[in-house]
Amino acid sequence: MAQSLTDFLQASRLTVVDVNKDAGRIRVRDAADMCTDLTCQGTLVVTDEEQKTDLGLLNPGDIIKVEAQDGRAQKIVVLRRAWDEIASQET
């Protein structure tokens, strides 16, 4: 059975590729290196520091989880910042 978009987004860790704050869109890459554009106007963005409806809190390279309902992003949770990803050593 095929996964719905909502199920896919809720189960996936995604990497932010591009943020277009003015258009209210982000481009994300999944584990299979497939890119998807998401419309996120009015979506709550949650980081360690703050939470608000501002895509400016996202940066390319951030690892995120998108919580969706009815095929629409409701909340974006930043799991790991791009600079943390770059600074970590692979073992």
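Two strands count as paired here if DSSP finds at least two bridges between them. Strands themselves are DSSP runs of E, at least two residues long, numbered from the N terminus. With that settled, Leu 44 stands opposite Lys 75 in β7.

A word on the source. This is a predicted model, in which local features need pLDDT of at least 70 and side-chain atom pairs count only at pLDDT 80 or more, while totals for chains, interfaces and linings use all residues. Residues are numbered from 1 along each chain as its sequence is written, and side-chain values use heavy atoms, with hydrogens and water left out.

Now the sheet. Seven strands make up an open sheet, ordered β3-β2-β1-β6-β7-β4-β5, with mixed pairing. At the edges are β3 and β5 (51–52), each of which pairs on one side only. The parallel part includes β4 (residues 44–46) and β7 (residues 72–80), joined by three bridges.

On to the antiparallel part. β1 (residues 13–20) pairs with β2 over five bridges in the antiparallel sense, and Val 16 stands opposite Val 28 in β2. Four residues lie between the strands of that hairpin, and Gly 24 there takes a positive phi near 70°. β2 is also joined to β3 (residues 35–39), again antiparallel, by five bridges. Here Arg 25 has Thr 39 in β3 as its bridge partner.

What sits on each face of β2? The covered face has Ile 26 and Val 28, and the uncovered one has Arg 25, Arg 27 and Arg 29.

Next, the turn between β2 and β3. The hairpin has five residues between its strands. Asp 33, in this loop, has a positive phi of about 65° although it is not a glycine. Most residues other than glycine have a negative phi. Is Asp 33 buried or exposed? Asp 33 is exposed, with a relative accessible area of 56%; the cut-offs are under 20% for buried, over 50% for exposed and partly exposed in between, using a 1.4 Å probe and protein chains only.

Last, the core. A nonpolar core is a set of buried Ala, Val, Leu, Ile, Met, Phe, Trp, Tyr and Cys residues joined through side-chain atoms within 4.5 Å. The largest one has 15 residues, and Ile 26, Leu 58, Ile 64 and Ile 76 touch the most other members. At least two residues of this core come from each of β1, β2, β6 (63–69) and β7. The largest share, three residues, is from β7. Beyond its neighbours within four places in sequence, Leu 58 has contacts (heavy atoms within 4.5 Å) that include Val 19, Ile 26, Val 45 and Arg 81.
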